[in-house]
Amino acid sequence: MHILSSLWTTSFLLFFALSVSSVWALHESEAGVVDWQKTFIGVPRTDGPRSAPSFLRMKAKGNDTTSLIISASERTLGAVNPVDGSVAWRHIFEPSHPILGYYKSGNVVATLSGVGGSVLHVFDSLEGTIIHEKRLHHSQNGQLYSQRTLGVDVTFGAPRTAGHEAKDLFVLTNGQTVHRIGGTRGDLLWSWTAPEQTSLVILERLTVTDSTIYAIGLAKSFASYTLHVTALSAETGELLTTQNIPSNIQNGSDDFLMLFPPTSEDPRLVWIEKGVVRSVALTPKLTSKPQSLRGSGNTKILDVGLSKHGMFIVKKEDGSATVFKLNQNTFESIWDFADSATSSKYSDSIYAGSVDKEGKPYIGRMYWSFGLQAGVLHVFTPHLLEGKGLVSGFSFPFKTDDNGIINHYALDVVNPDRLKVLSRIVVTTTTGAVQLWLEEKVQWTREESLSTIAVAEFVELPERKAIQSGTTESEGFVGRVLRHISDAQGFPQYLAGFVKRFATASYASVSAAISHDSGLHRDEFGFKKIIVAATEHGKIFGIDSSNGHVVWSRVLGLGPVADAGGLIVPLKMFAVKTVSDGEAPQVVLLTALRGFDGTVNTVVYHINALTGKDEANNSPKGDILQGTVVFPGQPSEAYLLPSKVKTIILLDSANNIHLYPHTEANVQAFAELAPSLRFSLQTSGHTLHGYQIVQGASDKSAFSAHRTWSLSLPNNEVVGSVIRPAQGPIASLGKVLGDRSTLYKYLNPHLFAVTTVSKASADGVCSVYLVDGSKGSVIYHASVASTRGTCNIQAELTENWLVYGYYDEDFAGDHQTKGYRIVSVEVYEGKGVNDKTSSSELSSLSDKTLDIHFYERSFETNQPVTALAATLTKFGMTTKNMIIATKKNQIQSIPRRLLDPRRPKADPTAQQQEEMLIKYDPVLPADPRLVVSHRYEVANVRKIITSPALLESTSLIFAYGLDLFGSRVTPSGTFDVLSESFNKAQLVLTIGGLTLAIAIARPMVNRKKLKERWFQ
Amino acid sequence: MSVTKVEYSKWKSLPPPPGFAPLSTTRPSSKAVNTPRQADSYAAIKVKRAWDLAMSPAKSLPMQAFMLYMSGGGVQIFSMGIVFMLLFSPFKNVAAINTAFAPFAPSPSSPKSFNTLFIQKIVYILANLTTLALGLYKCNSMGLLPMGTGDWLAFETRGPSPEISLH
């Protein structure tokens, strides 16, 4: 009741307070024009058949069938339309419940998520709606195996009642429990758990017949595994038999597969041991004897998803592959793929199966041909040529420079004509791209790696250069006249444009879309910038900030570990040249290159931000982007030298300092500033260290960091994140109050914020600190209760204003509530008003740096904050709004007036009203007008970055996470441009009319004056 | 323009109407007798009038204060008009001080000199200053005087810190 009433008061107050400013919500006409959003489904996991992309054919409305590409990433299950690559639907899972795998059957897709498969979701595969959801066990009771996806499986049984569509699900979780779930309502029919003594057995796969369900597991024995089969009654879940099958499995679940021969009732278990393929038919009594396939020297059996057709692939030692088919209890080799042995001319082949509309199977083989520099796909069609089988193939020009290497593909084949086989493949690459190829043409590409952006930076575009014809000294008269004539060609258009612009109000409008034909040039208001974004999948993108289109992209080279392979971890990005330097803007991406051979190198990539060109000239033209190894080992931190010469300071783990670019001028500039530089590092655990830079005694050009202070936080806290202050001009040194006294802002340039996480698993404490980075003193400290050991504190520091959001579970009495909090803190100099210590220019040795006071207010929100950032404008005069991303997948712009920590608890006095302070209300309103992302869903936002436009009123925002979102906000309204409703035509007409009236009236008045003289 | 001149000589012989004293000019013999007394009273009247003038700005103060009160605290055309009047009239008055006091100057002294009626002029200046003070008070209460630190904040500057933090 109290909250309700306060909500009313807030909205009432808000109405009055905010109706003053004319524009503070997004206009409908601006939605989709000033902002953009890109939806992603995440980079598909290709490490198992249960999550990689695959085609799913399903019944659509009527009798048609339609197909979608289903793919699962860590936290997203998505369906992509194969025609245009758009997202048909997706479902995002909680971070605590990552997807273990998806299992599809016609119009139903089931997923298991969480530890040991704790939750089962069943989706309608056409619409993506959840049909039912079932928690099978508590995540705490989940079994963690070495491989995440071990010990879980879902298989679809026959429907219980004939004629009913929904098939029952048999679900294996935790490697020991089998459930039968009703297909229609998701009710648990029965559940069977393996008895304790067989806990050495991990059940891995389920196979179902009409009457019996077989759970195939692996029992650990000396140095290998033994197959273990449990037969359960499908109807009741009653244990029929359980038995070890004498076998010797080396590679776990990769070494066995199930086949359903079309002619036989009983499924068949096939495995490989010591180079020999063996099989056994599964019967309810488990009485069959295993038998061996002729021939040895086999290394691998591959399940290509055609078990229902009894087909699988056996690979020999030399890499050559043979298709086997089970016919009447005998295996028959039906096809040898020619030239499939391992060779230096082409890469290892990837095999995939497909079933067309009529249910006919196909097997594809794909490899990369080094000779052709193209991908090659062979499709084996068993039923053609009277059952002899036919292989058709084509090569497709896959671009490794743009998309890396093919990790996985899924095949979809149609056989429209007797000898015609058309195939399309969906390819997943190492750079996280998902591409659809129809034969040798690429239909669409989804850059899913954009959902894994690690660092991003706004880069300003250069102005369009006025075009000037070349003037040469030796130009003759005729040449000169001709040049002028050619220059004057555009004059009529210019004149027409000028008249039109003068007479009507067709100026560039702040709420209009930016024209995109102008190329890479700044627009009138500076809304168009390039966002350079480096992803975790070794690709860097240049994104147009006005519409989200990818302008350029480059694949990052692995340099020293090119052969071994490795992972590029982007750490920081610096703008080393901006347009104000008179050159094309350049960025430097700092990465840690972790080779799979165990080496770590610090590599920088120096890139032209407009084109993606390598500025360090490491990479040959047309090749992938190669970086520069600065030093071997992991970098501990990197900074940009705050001087005219843009130099990057890198620290290695031994605290030695490296400069990039390492030029004489840069070393000189650094040496000059070095004595006054201070920085701090967070070492593992709960200690922060501050450093100063010392010059080498013998080698004057060698610098290293020398520790000056240490700050030990309480033992049960671990440093979670360090929040650096937002960089931007500070327009005002203080806050002027209603009586014109001043609260001087505490603008210590060394200030940064630290959030900690609790070390204790329960009932711990997390904290927020403001630390003076020059000497390690704590300026502000707040403890928040941890929620079951985790504190997801999000914080932002700008000027003297710290805002942090967390979940408060501290529930002690009647007057407390659990909930999501946002706390706003402002630090001011001295003890009160007019007390000035000039904090921004104080030496760190001064004792006045601790002479502060602060204001604090805590607010309740209805949504957890996943990221927050303050708006940034060119001169810093515009009010700073907080841009927050919420769990509701929205981006909100919260006015500073709502978050002002000086909001009075009583009714505001006249002086406070003069300051535009509104009465404090603990509840931040859930006002839809604050949502800048309007209808868009912006999921799992990890970070928001802001950048100033040329207009002081406007700040550009870019939020990235699973989705990308770009927009622009005007916290104080567009005060520096004429409003859209300004009627220039009316103004021009009025002035014209008055001029005309004067011209007519002047002679009349003159005449009248003259007459008066005469008659006087 | 023609001005009709009164020819005194024409009517000199006529007796004055009943109850009217004869013109002084007609009795030059009495001039020597009456002049000192009359001059004294003139001088006294002049001094009195001079004092009246000197005190006049102070006398109008209550009325002006009331007008200010009525005009309100907001910055609008009416209150600004009154405030400008209060601010400018003292300067105007002081600038024209010698002319204003010239009619009351005692006969022997030079009427335009600042030294004549010195005390009255000083009082007049002081009284005008009270008007000015009232105007300034009004300005202050309307928040138009740069009295607070906040009014000078925009002119404050800060140098860089001797240490540079890398962020």
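This is a predicted model: local features need pLDDT of at least 70, side-chain atom pairs count only at pLDDT 80 or more; totals for chains, interfaces and linings use all residues.
A:V532 belongs to the largest nonpolar core, which has 231 residues. Those with the most contacts inside this core are A:V532 itself, A:V587, A:L589, A:A753, A:I944 and A:A959. Strand β34 of chain A, spanning residues 453-460, gives the most to this core, with six residues. A second, separate core of eight residues has B:L53, B:A54, B:F101 and B:L117 among its members.

Chain B also carries annotated segments. An unreviewed UniProt entry places the feature "transmembrane region" at residues 66-88 and 118-137 of this chain. In the model, residues 66-88 of chain B are 78% helix and 0% strand, with the end C-alpha atoms 18 Å apart. Residues 118-137 of chain B are 100% helix and 0% strand, and here the end C-alpha atoms are 28 Å apart.

The axes of helix α4 (residues 77-95) and helix α6 (residues 118-141) of chain B come within 8 Å and cross at roughly 160°. Because angles over 145 degrees count as roughly antiparallel, α4(B) is roughly antiparallel to α6(B). The crossing of α4(B) past α6(B) is left-handed. On the α4(B) side, the contact is made by B:V83, B:L86, B:L87, B:S89, B:P90, B:N93 and B:V94. The residues contributed by α6(B) include B:I125, B:N128, B:L129, B:L132, B:G135 and B:C139.

How values were computed: Residues are numbered from 1 along each chain as its sequence is written. Chains are lettered from A and ligands numbered from 1 in the order in which they are written. A nonpolar core is a set of buried Ala, Val, Leu, Ile, Met, Phe, Trp, Tyr and Cys residues joined through C-beta atoms within 7 Å. A residue is buried if 20 or more other C-beta atoms lie within 10 Å of its own, exposed if 12 or fewer, and partly exposed in between; C-beta atoms are placed from the backbone. Helices (H or I, at least four residues) and strands (E, at least two) are DSSP runs, numbered from the N terminus. UniProt positions are given in the numbering used here, feature names are shortened, and annotations may be inferred rather than shown by experiment. Axes are lines fitted to C-alpha atoms, for helices over the stretch in contact, and angles run from 0 to 180 degrees between N-to-C directions. Angles under 35 degrees count as roughly parallel, over 145 as roughly antiparallel, 65 to 115 as roughly perpendicular and the rest as oblique. A crossing is left-handed if the near helix is turned anticlockwise from the far one by less than a right angle, and right-handed if clockwise. Two residues are in contact if their C-beta atoms, placed from the backbone, lie within 7 Å.
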